[in-house]
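I want to go through the side-chain contacts here and jot down what I find.

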Amino acid sequence: MDFYQTSLSQLHDDLVNKKISASELTKETFAHIKGNEDQVKAFISLNEDQALKRAAEIDAKGISADQLTAGVPLAVKDNILTKGLTTTAASKMLENFNPVYDATVVEKLNAADYINVGKTNLDEFAMGSSTENSAFFTTHNPWDLTRVPGGSSGGSAAAVAAGDVLGALGTDTGGSIRMPASFNGVVGMKPTYGRVSRWGIIAFGSSFDQVGWLTQNVKDNALLTALISGNDDRDMTSSLKEVPDWAAQLNENTNVKGLRIAVPKEYFDGLDEDVQEVIKATLDHLESLGAIVDEVSLPHTKYGVPAYYILASSEASSNLQRYDGIRYGFRAADVKNLEDVYVRSRSEGFGEEVKRRIMLGTFSLSAGFYDAYFNKAAKVRRLIAQDFEDVFKDHDVIVGATGASTAFKIGAEIDDPQTMYMNDVLTVPVNMAGLPAMSIPAGFSAKNGMPVGLQIIGKAFDEQTVYNTGYVFEQTTDFHKKTPKLGGQN
């Protein structure tokens, strides 16, 4: 099955009408994954035996017209709990962790009879922008195997870009869905904070984390996001708001005529020239379709990265204190006393980037520095949110580049944490404000042929306008139809 030549709706129709069975589809999917995996390395673990068993059960009972994902192979990022299937968060600390329950999003997918083909690679505990921080291996970008796929949801993005699956779950704390989507030329949506339950997600920054999908087109993303959205009694931050049928509004009548698009001047600061060219062409195209494009200012954007890394690292230091070598997870051998258990288990179980962020967070929360760092960063967060609110008084969406550059070479930035952190300068403000944002393919670099992503940011709980804008752009261009030739320049 060539997923680049189909859509979720078309595949569903083929399954319902028995043009292909779930078992046949699943077998073809694993054959495709295995053909790519030596080069791409998108998956930490494959779920072949259970997936084939599940597909046979679905075929036996049949697929009804209202079961959109029944029999459809999809992938799950490996920081999302899956009962009976190892969930590692790409860390030595959880290398052998086998959850006894499913995350809420997985429960919903199981109820909809999806096929889980496996768990995708990520930066350890979702801390990173390149997937080079995985404790196991680095995932490679299907468009150029010498380049990173972005992070932390790099495995999910690479699996979709390589045509392994139609969709893969990711998580986004500061751009971890959108940046990989940009680097890999796929669609990645971070819904409004609270739209999707976080229960059963291995926490990084609890007030920032959000689950979302990486897909090959906008409509598939809208369909799959609706499936996992909604209130969850087990997550007190999940919203009570009704979940709209976003995909129903995406059709031949969808347009951007009169749409007020804000383009922050700060979103052009530091952009590589090849990325600027693509984004300017994108804005011209949207104007030609009837949108109204205005330059605006989000003045506190430049403070987003330092404030984010203080706040998110502080939350991480709290969330990760449970990994102590006592209850579950990695435990150091030949320890001499209780303190030795704690210190050595954490020192040996966590990677360098995770330890760096724990130390930064612990320092920021310490008695002598709380007011100087954490409290001040929290105030900056409020200012960033206010910037967005001010712009949205007169505009429908905010548009700009997802990243300042295309995917960089593996190893080029891994030893320079500050440079790596600045890759998120255009994505972290969205998480600070809890807004919905999507990255879609906007074109390709004239310099290296790599994909460039367009970020579309919406008002809180207005995923519909974000999807509409992305859908119209997608349907009037052909960038999303281009596929990588594994390892080659495109």
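Predicted model: local features only at pLDDT ≥ 70, side-chain atom pairs only at ≥ 80, totals over all residues.

**Entry 1: salt bridges**

I looked up Glu 57 and got 38% relative accessibility, so I put Glu 57 down as partly exposed. I then searched the whole structure for salt bridges and got 18. In one of them, the side chain of Glu 57 meets that of Arg 54, at 3.2 Å from N to O. Both residues sit in helix H3 (residues 48–61), three residues apart, so about one helical turn separates them. Arg 54 comes out at 27%, which makes Arg 54 partly exposed.

What else does Arg 54 meet in a salt bridge? I found Asp 113, at 2.4 Å from N to O. This pair links distant parts of the chain, 59 residues apart: Arg 54 is in helix H3, while Asp 113 is in the loop between helix H4 (104–111) and strand E3 (115–120). Is Asp 113 buried or exposed? I read 3% relative accessibility, and as that is under the 20% cut-off, I wrote Asp 113 down as buried.

Asp 390 is partly exposed at 35%, and Lys 393 is exposed at 62%.

**Entry 2: aromatic rings**

Next I searched for aromatic pairs and counted 16 in the whole structure. For Tyr 101 and Trp 199, the ring centres are 4.8 Å apart and the planes are at 35 degrees, so I logged the pair as tilted. Tyr 101 lies in the loop between strand E2 (73–77) and H4, and Trp 199 in the loop between strand E5 (187–190) and strand E6 (210–215); they are 98 residues apart. Tyr 101 is partly exposed at 35%, and Trp 199 is partly exposed at 25%.

I then checked Phe 125 and Phe 350, which form an edge-to-face pair with 5.8 Å between centres and 70 degrees between planes. Their separation in the chain is 225 residues: Phe 125 is in the loop between E3 and helix H5 (154–161), Phe 350 in the loop between H10 and helix H11 (352–365). I have Phe 125 as buried, at 2%, and Phe 350 as buried, at 5%.

Ring pairs also join Trp 143, Phe 444, Phe 473 and Phe 479 into a cluster. I looked for charges over rings too: Arg 381 lies over the face of Phe 208, 4.1 Å from the ring centre, and Lys 241 lies over the face of Phe 461 at 5.3 Å.

**Entry 3: Asn 251**

Where does Asn 251 lie? I placed Asn 251 in the loop between helix H7 (218–228) and strand E7 (260–264). The side chain of Asn 251 reaches the backbone nitrogen of Asn 253 at 2.8 Å, and a polar atom of that side chain lies 3.4 Å from the backbone oxygen of Ala 248. Gln 475 is 224 residues away from Asn 251 in sequence, but I get 9.6 Å in space, C-alpha to C-alpha.

**Entry 4: a surface patch**

Last, I noted a nonpolar surface patch made of Ile 326, Leu 338, Tyr 342 and Val 343, with about 340 Å² of accessible area together. Tyr 342 is in helix H10 (residues 338–349) and is partly exposed at 31%.

Terms used:
Residues numbered from 1 in each chain as written. Heavy atoms only, no water. Helix = DSSP H or I, 4+ residues; strand = E, 2+ residues; numbered from the N terminus. Polar contact = N/O pair within 3.5 Å; in protein donor to acceptor, adjacent residues only side chain to side chain. Patch = residues over 30% accessible without salt bridge, like charges linked within 9 Å, V, L, I, M, F, W, Y side chains within 5 Å. Areas by Shrake-Rupley, 256 points an atom, 1.4 Å probe, with all protein chains shown as cover. Salt bridge = Lys/Arg side-chain N within 4 Å of Asp/Glu carboxyl O. Buried < 20%, exposed > 50% of the residue type's maximum accessible area, 1.4 Å probe, protein only. Phe/Tyr/Trp six-rings, centres within 6.5 Å; stacked < 30°, edge-to-face > 60°. Lys NZ or Arg CZ within 6 Å of the ring centre and 35° of its normal.
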